[in-house]
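Subject: Structure for you to look at

Hello,

Here is the structure I said I would pass on. Please open it first, then read the notes below beside it.

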Amino acid sequence: MDTWRTYGADYRDIFATTYMTKKRSRIYVVHSPSQGVLDSLDQIGAAFSELNFEAAFLPLDDSTTKRVQKLIRAGIKILCAAGGDGTQNAVAGMISGTSIRLGVIPVGTLNHFAKDIGTPIDIAESVKAIVRGRVQPLDVAEVNGKVFLNNSSIGLYPTIVTFRERHEGSLGKWPAAVWASLRGLTHWPTYRIRIEIDGQIQHQRTPMVIVGNNSYGVDQPGLTNRTRLTDGRLSVYLFKTTSRVKVMQIILKTLVGRGDEERDFGQHLAREVIISSRHRRLKVSRDGEVDHLRSPLKYIIRPSHLLVMVPSDKA
């Protein structure tokens, strides 16, 4: 029986889901509970085995943080995250600011963070990058004390994510995403906000604000690519229009890499951003996950706060 696939009801023993070999070093992998990731665990375990490591798997759930804290006290050096951006975010939040290194195994849907740091999408190659790569200190961003690796936003995007999650079970992931995008573009909220960017205050009515961990290029397709995660600055993209037609045009242009920072966005680089609204709580996305956070939202950047294993050939 494949011991790392033995998922009993009792998760109290953190060593219960281990690919066992006595002579090998053990490495811990926190994984998303999604079926697609569960189906990849055999391959991940085998990839580590090829490099003489035991893969001990921990499902990401409400008890994972306590288990990780025990592992940190026990002296682990690396903690891996198998899943998409949400899983990478969750694990990074557990070890940010410590000496524990993050190992990225990108088996999610989009894998933006993995692509930005140059981690191979292939499982075996990403495992090699963890075992044979080098340590790179990277910046992390926070909103009200909650970590994010890619970006956070209010307004249109978290609205779309909420619609998608509500209907994934009945429609399937991609049909739900398409339906949610169409519904979001016709039912989005607009906010009257007070935004303070490194002490400079402005008032704005806007359908969406995006805050990125380091700078994105709107002249790159998809507004998803970053060349650096070590500049120590947040990027702020503030939609200047509330016209649905114009917002749709801006999004479409940005998706194909034809966005214009000056014309389409109020784009800023900053170390601290504070967003206030008359709403007591705001729906806020962080790397694709949605929280309801108390206003005001305080965004900060923490330079070189997360140690990440990257391929040795990446600068």
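A residue counts as buried when its relative accessible area is under 20%. Please keep in mind that this is a predicted model.

Start with Asp-116, which is part of helix H5 (residues 112–117). Is Asp-116 buried or exposed? Its relative accessible area is 15%, and the limit for buried is under 20%, so Asp-116 is buried. The side chain of Asp-116 makes a polar contact of 2.8 Å with the side chain of Arg-226. Asp-116 and Leu-229 are 113 residues apart along the chain, yet 8.3 Å separates their C-alpha atoms.

Next, helix H4, which covers residues 85–95. How many of its 11 residues are buried? The count is 9, so the helix is mostly covered. Among the buried ones are Asp-85, Gly-86, Thr-87, Val-91 and Ile-95. After H4 comes Gly-97, with a positive phi near 85°.

H4 also takes part in the second largest pocket, where it gives the most to the lining, with 5 residues. The space in this pocket is about 320 Å³. Besides H4, strand S6 (146–148) and strand S15 (289–294) each give two or more residues to the lining. In total 16 residues line the pocket, and those nearest its centre are Leu-60, Asn-89, Ala-90, Met-94 and Arg-286. Asn-89 and Met-94 are also on the list of buried residues of H4. By type, the lining of the second largest pocket has 5 nonpolar, 5 polar and 6 charged residues.

Last, the aromatic rings. How many aromatic pairs does a search of the whole structure find? It finds 1. Phe-148 belongs to strand S6 and Tyr-299 to strand S16 (residues 297–310), so the pair ties together parts that are 151 residues apart in sequence. Both residues can be checked against the same cut-off for burial. Phe-148 has a relative accessible area of 0% and is therefore buried. Tyr-299, at 1% relative accessibility, is buried as well.

Best wishes

Terms used: Residues are numbered from 1 along each chain as its sequence is written. This is a predicted model: local features need pLDDT of at least 70, side-chain atom pairs count only at pLDDT 80 or more; totals for chains, interfaces and linings use all residues. Side-chain values use heavy atoms; hydrogens and water are left out. Buried means under 20% relative accessible area, exposed over 50%, partly exposed in between (1.4 Å probe, protein chains only). Helices (H or I, at least four residues) and strands (E, at least two) are DSSP runs, numbered from the N terminus. A polar contact is a pair of N or O atoms within 3.5 Å; within protein, one must be able to donate a hydrogen and the other to accept it, and residues adjacent in sequence count only if both atoms are side-chain atoms. On a 1 Å grid over the protein atoms alone, a cavity is a set of points where a 1.4 Å probe fits but cannot get out, and a pocket is an open set with protein on both sides within 12 Å along at least five of seven lines; lining residues have an atom within 4 Å of a point. Grid points are joined across faces, edges and corners, and a volume is the space filled by probe spheres set on the points. Ala, Val, Leu, Ile, Met, Phe, Trp, Tyr, Cys and Pro count as nonpolar, Asp, Glu, Lys and Arg as charged, and the others, Gly among them, as polar. Rings of Phe, Tyr and Trp (its six-membered ring) pair if their centres lie within 6.5 Å; planes under 30 degrees apart count as stacked, over 60 as edge-to-face and the rest as tilted.
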